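User: I would like to learn how to read a structure like this one. Can we go through it feature by feature?
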Amino acid sequence: MASKPGAATSTYSPKIVARTRPPIFKDSDLDWTRPDGRGFHQCRPALLQTGAVSSASGSAYAEFGNTKVIVSVFGPRESKKAMVYSDVGRLNCNVSYTTFASPSAGQGTDHKEYSSMLHKALEGVIMTETFPKTTVDVFALVLESGGSDLPVVISCASLALVDAGIMMYDLITAVSVSCIGKSLMIDPVTEEEGCEDGSFTMTCMPSRYEITQLTITGEWTTPNINEAMQLCLDACSKLGEIMRDCLKQAASASDE
Amino acid sequence: MGLPDSSQDLSSEMEVDAFRKIFPLRFFERHLSESLRPDGRPLGKARDTIVNLGLVSSADGSALAKIGYTTMLAAIRMEVMTPSTDSPDEGCIAVEFHMPPICSPTVRPGRPADAAPVISKRLLDTISSCNMIDLKELCLVSGKAAWMGYLDIYCLDADGALFDAALLSAVAAFSNLQIPVVALNDNGRIVAITGEEKQDNASITEKEAVNKERRKLTLKNIPFSLTCILHKNYILADPTAEEESIMDTLVTVVLDSSDQIVSFNKSGGNALAHTSAIKSCVELAKKRGNELKQILGEMDVD
């Protein structure tokens, strides 16, 4: 699946923000090491590649550590359900998992919650007035779940939309942060997500510096939220650059 | 295709792409008369084939097979089960073929593709009837415990010859399969042994390892398949999705390692299969089998 034109592996770790207050306990962060040996503010290497599925209008494959995702975009095409006339296009999203996506196993099923969150994250960025009466379908399949699945699906979906030539205001990038004890961990893996006290997921348009979706769950203190916001914004804009590079490479490869 | 005469007149004036869309059959027949296909292949040649092993870390064995654009990801998970009373010393294999909505514009979420269960069944029949796997090898404790292998194949990109690609990925996944280490504990139940415990030899002897080391299955007889399209006098090997949609008589031949026919399937279609056509399909399948053997053989060396 690797080594195709348009493949790029790079990290998008944010710069470490200086804490406003000195920590009360020295080296308080160091009582915990991450399962994959990363630093707390270090993201997993991101491999992105467009054009993974030939039969789709546009598609992308993303591999962030063990999280592997394929997103296909179909359309704009005729709306299937007999729906009333609409001046603007419709967006239809679906996220599903393979049966072997996680080791605990189970039935590979549609993930309704992620489907609707993907829809909400994307709807603000797509210029739906450019495809009236029709539908754009965004389908994601999580091949392997290794943590931070939804942010990876969202970023990958925005690449697939670009690959399909759907008009958008900006790229969409998403990054999540887990809060465990006093520490914030960016781009958490499954084990970290399992024992987190709170999670923070931000979806933003990196060039416009605007947020399309922000989900905060669990226990958070205001300074932690501020720090998480800074971390996510920085990581999002860096991820945006990586995605832009991936698209440039794919475009120059197709020109040749 | 109701206006064959007008299409002949138009063909000199129209753009190629428009002609291909409006008169697909005529477009293909024009190519076939030159013994060539639109993608530049001769009639009997299959597309480039790639197989990669061990891509899914959460599975016990996995493989990705690509034939042209058609892409299949197969993964096997092993679980311990109680064997049925009819065959107390045999394990079991379950095969499921999935077509998620990402693979083709014709599949929509919530409505599974019609082709998926058909291919599932044919895969299971092929794998069990050619004796590729000795189910006795999957036995742990006779009558008490045996392995259940769940083989899931996901179609990531559907561009024709789905059964061929699915079977190839399944075979490759089985060749990649590593059966996990398990042991019998004091209560007579099977427990998995993880990497750390394995170094502790004492605990293994105490627990009486049933399956002492990670082992591979011996694949006795490997099936290879080739799908062909019959159209008039032409035989097209390894069709793309476009070719399958235009010409609907498909013949699938499955041969085993010693070129014996495992299964032959022609499901309807307009064209009748003459004996000579069937013979040439089998010949093509033999050639293709040798190609695939080479591709799989190269992987084993690595």
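User: How is the packing of two helices described, and at what angle do helix α4 (residues 115-129) of chain B and helix α5 (residues 162-176) of chain B cross?

Analyst: Two packed helices are described by the angle between their axes and the distance between those axes. In this predicted model, α4 and α5 of chain B cross at roughly 50 degrees, and their axes come within 11 Å. Axes are lines fitted to C-alpha atoms, for helices over the stretch in contact; angles run from 0 to 180 degrees between N-to-C directions. Helices (H or I, at least four residues) and strands (E, at least two) are DSSP runs, numbered from the N terminus. α4(B) and α5(B) are therefore oblique to each other. Angles under 35 degrees count as roughly parallel, over 145 as roughly antiparallel, 65 to 115 as roughly perpendicular, and the rest as oblique. The crossing of α4(B) and α5(B) is right-handed: a crossing is right-handed if the near helix is turned clockwise from the far one by less than a right angle, left-handed if anticlockwise.

User: Which residues of α4(B) and α5(B) make the contact?

Analyst: From α4(B) come I119(B), R122(B), L123(B), T126(B) and I127(B). From α5(B) come L162(B), F163(B), A166(B), L167(B), A170(B) and F174(B). Contact means heavy atoms within 4.5 Å. By class, this contact of α4(B) with α5(B) has nine nonpolar, one polar and one charged residues. Ala, Val, Leu, Ile, Met, Phe, Trp, Tyr, Cys and Pro count as nonpolar; Asp, Glu, Lys and Arg as charged; the others, Gly among them, as polar.

User: What is the angle between helix α2 (residues 149-163) of chain A and helix α4 (residues 222-255) of chain A?

Analyst: α2(A) and α4(A) pack at about 35 degrees, with their axes 11 Å apart. α2(A) passes α4(A) in a right-handed crossing. On the α2(A) side are S155(A), S158(A), L159(A) and V162(A). They meet L239(A), M243(A), C246(A) and L247(A) in α4(A). By class, the contact of α2(A) with α4(A) has six nonpolar, two polar and no charged residues.

User: Which residues of chain B does UniProt list for "domain: Exoribonuclease phosphorolytic"?

Analyst: The unreviewed UniProt entry lists residues 46-180 and 222-288 of chain B. UniProt positions are given in the numbering used here, feature names are shortened, and annotations may be inferred rather than shown by experiment. Residues 46-180 of chain B are 22% helix and 36% strand, with end C-alpha atoms 36 Å apart. Residues 222-288 of chain B are 30% helix and 36% strand, with end C-alpha atoms 13 Å apart.

User: What is the mean pLDDT of chain B?

Analyst: pLDDT is the predictor's confidence in each residue, from 0 to 100. Chain B has a mean of 84, and 86% of its residues reach 70 or more. Over residues 1-7 of chain B the pLDDT is below 50; this stretch has seven contacts beyond near neighbours in sequence. Chain A averages 86, and 86% of its residues score at least 70. The model scores ipTM 0.84 and pTM 0.86.

User: What conventions apply?

Analyst: Residues are numbered from 1 along each chain as its sequence is written, while chains are lettered from A and ligands numbered from 1 in the order in which they are written. Local features need pLDDT of at least 70, side-chain atom pairs count only at pLDDT 80 or more, and totals for chains, interfaces and linings use all residues; side-chain values use heavy atoms, with hydrogens and water left out.
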